[in-house]
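Work through the exercises below with the model open beside you. Try each task before you read its solution.

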Amino acid sequence: MKVLMICTEKLPMPPIRGGAIQTYIAGILPYLKQSHDITVLGISDPELPDEETINGVSYVRVPGKILELYKEGVVRYLESNQFDLIHIFNRPRLVLPVRNVAPKAKITLSMHNDMFNVEKIDPIEANEVLNEVSSIVTVSDYVGNVIQSLYPQAAGKVHTVYSGVDTDQFLPGSHPNMKKIRQDIRQAHGLENKTVILYAGRLSRNKGVDRLIRALPELSQKYKDLALVIVGSKWFSEDAVTDYIAYVRALAKKLSIPVVTTGFVAPSEIQNWFAAADLFVCTSIWPEPLARVHYEAMAAGLPIVTTARGGNAEVIQLRENGLVVENPEDPGQFVEKITEVLSNKAMMKRMGERGRELALSHYKWNRVASEVLIVWKQAEQTAVSVNTAETPMELTASQPKTAGTISFITDRIDKPTEKQATTKNQKTKKKRITMENQKVTEKPATVKKQKVTEKPATVKKQKVTEKPATVKKQKVTEKPATVKNKKVIEKPATVEKQKVTEKPATVENQKAMENKKQVAGLTRANLDELIIAHQMLMKARNKKNNKSNGTMNGSANRNNRNRELLNMLLREWGKNA
């Protein structure tokens with residue numbers, strides 16, 4: 001197949017400035033290119049040309065850093081280039097723009113973070129995205145479970161594909177290729193005859209390295225030969241000093257043991273610091289999807305102490321290749337787990353060896369690539385769902401509820417048949433549902449008994465007047481509406497939309513049709529819930545936008561889109577309520 005891989009808008013490809021996603025792509029490309037014609041679309045960089053071919057892989061670069069700007073470049077490129085399959089990395093908000101300009105391509109999605117959370121993507125847009133993609137590859141079960149808890153209909157599309165590591169680049173310090181490098185680094189930084197604890201990652205509050213530093217005074221009283229190495233910076237390839245970095249350095253200066261802070265280390269050199277260490281500690285206090293440093297530590301033969309946050313613990317076999325801190329907010333728990341490792345040298349050595357074995361047997365890039373190829377093969381065999389104005393879609397409403405999550409309207413979009421699209425003169429073989437024209441009473445409104453037929457029951461035709469025919473509002477009660485002489489079944493009979501004109505209604509533009517798709521089939525309860533959810537989402541988004549002066553245009557456009565959709569919903573209900 002002709003395949004386009006779309007990177008994120010933050011860092012360039014190849015990963016000259018680091019990045020977990022960029023490293024992931026670079027690791028699997030040598031294997032993917034053997035089976036497919038690959039083009040990688042990423043952001044421009046002063047050190048890279050806009051287009052080039054490296055080892056048979058085409059690279060195209062467009063302006064980035066900001067998603068809206070990057071999206072424009074992606075769309076422009078796809079307007080003049082066609083692909084059989086498009087694989088988008090960690091940006092579900094790119095799916096619909098890509099679908100609009102690539103209606104025939106299969107789309108797959110790789111998720112490396114919680115980008116389906118409601119603060120990252122509007123739930124209505126998220127449902128449309130899930131309908132368009134053939135498969136979703138996640139880097140951990142944790143990421144996949146979060147998506148499925150928010151959107152249960154995604155369950156059949158989610159596949160966990162754990163990341164990988166270059167086991168020829170990351171080697172144990174005892175390996176012949178690394179012995180001298182280990183010795184030189186330790187000698188240069190006063191780490192000789194020390195037990196070196198390594199932290200590698202971004203320096204931010206949610207990464208929690210300050211907890212490790214606060215655990216060291218107690219540890220250093222037990223073990224006099226300790227030293228700490230902190231590898232990383234504020235952001236990949238950036239060495240700016242933030243308030244948090246200043247705080248970490250101030251804490252480190254108070255320690256009685258040697259502390260080395262390296263700042264940003266290039267991806268081509270990072271393995272040297274792993275080879276110089278004796279124990280790796282991940283201190284994340286946020287729900288980390290699954291930090292790739294775990295794979296690098298295993299490949300380097302280091303025992304691991306990590307946290308039970310997000311997906312980190314999924315690659316840990318307790319006391320085989322590492323230990324897990326259940327509450328990383330508490331420095332005392334790091335003291336406990338690190339003490340368990342350091343007090344048993346035999347276990348410490350065995351865990352490092354087991355980690356290297358796992359890296360070789362489970363976490364090499366060829367395994368990752370083979371699983372991605374399987375996902376692509378499955379996508380190739382699935383039908384493409386194309387939403388166009390010529391083939392209007394009907395929305396089926398459902399209301400999944402998850403703990404701690406607002407219940408939003410989820411959808412699965414299906415193309416209606418020609419008969420369903422033109423129902424005015426269609427005769428039904430069974431009795432039609434008739435709504436009783438009566439005043440609202442304390443009891444729930446009732447619907448006349450009707451047998452369920454293969455075709456949806458329709459509302460009796462009403463004469464067309466200047467104003468749309470209306471049905472009297474029914475009072476919402478705690479109990480659902482009932483059917484006369486019949487208990488409510490799991491799937492009540494649906495009511496087809498009335499047709500007012502002789503020919504199917506036309507839509508002037510694509511945006512209006514998209515609005516139509518989203519209001520079809522909604523109930524009044526759905527609408528009330530959507531309005532509440534919309535108001536809450538807008539309040540949170542406006543609060544966030546008030547703190548930022550540089551991204552108001554994109555937010556304003558999304559807010560206008562949401563208001564337009566809400567007005568459309570209200571207009572539609574004005575016809576029937």
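Buried means under 20% relative accessible area, exposed means over 50%, and partly exposed lies in between. Keep these cut-offs at hand. The model is predicted.

**Exercise 1. Classify Lys 377 and Glu 380, then describe how their side chains meet.**

Step 1. Take Lys 377. Its relative accessibility is 46%, so Lys 377 counts as partly exposed.

Step 2. Take Glu 380. Its relative accessible area is 36%, so Glu 380 is partly exposed too.

Step 3. Recall the geometry. An α-helix has 3.6 residues a turn, so residues three or four places apart point the same way.

Step 4. Check the distance. The side chains of Glu 380 and Lys 377 form a salt bridge at 3.9 Å, N to O. The cut-off is 4 Å.

**Exercise 2. Find the salt bridge of Arg 354 and state where its two residues lie.**

Step 1. The partner of Arg 354 is Glu 357, and their closest N and O atoms are 3.2 Å apart.

Step 2. Both belong to helix α12, with a spacing of 3 residues, about one turn of the helix.

Step 3. Arg 354 is partly exposed, because its relative accessibility is 24%. Glu 357 is also partly exposed, at 44%.

**Exercise 3. Describe the length of helix α12 and what covers its buried residues.**

Step 1. Helix α12 spans residues 345-362, which makes 18 residues. From first C-alpha to last it reaches 25 Å, close to the 26 Å expected at 1.5 Å a residue.

Step 2. List the buried positions. Among them are Met 347, Met 348, Met 351, Gly 352 and Gly 355. Arg 356, Leu 358 and Ala 359 are buried as well.

Step 3. Look at the cover. It includes the strands β9 (195-200), β12 (279-281) and β14 (322-325). The helices α10 (293-299) and α11 (331-342) also contribute.

**Exercise 4. Is Asp 210 buried or exposed, and what does it pair with?**

Step 1. Asp 210 forms a salt bridge with Arg 211, with the closest N and O atoms 3.0 Å apart.

Step 2. Both residues are buried.

Step 3. The whole structure holds 20 salt bridges.

**Exercise 5. Describe the nonpolar cores.**

Step 1. The largest core has 65 residues. Met 5, Ile 6, Tyr 24, Ile 86 and Phe 116 have the most contacts inside it.

Step 2. Ask which element gives the largest share. That is α13, with 7 residues.

Step 3. A second, separate core has 36 residues, including Ile 270, Ala 276, Cys 282 and Ile 316.

Step 4. Go back to Tyr 24. Neighbours within four places in sequence aside, its contacts include Phe 89, His 112, Val 137 and Val 139. Trp 365, Val 368 and Val 372 are also among them.

Methods:
Residues are numbered from 1 along each chain as its sequence is written. This is a predicted model: local features need pLDDT of at least 70, side-chain atom pairs count only at pLDDT 80 or more; totals for chains, interfaces and linings use all residues. Side-chain values use heavy atoms; hydrogens and water are left out. Helices (H or I, at least four residues) and strands (E, at least two) are DSSP runs, numbered from the N terminus. The expected span of a helix is 1.5 Å times one less than its number of residues. Buried means under 20% relative accessible area, exposed over 50%, partly exposed in between (1.4 Å probe, protein chains only). Contact means heavy atoms within 4.5 Å. A nonpolar core is a set of buried Ala, Val, Leu, Ile, Met, Phe, Trp, Tyr and Cys residues joined through side-chain atoms within 4.5 Å.
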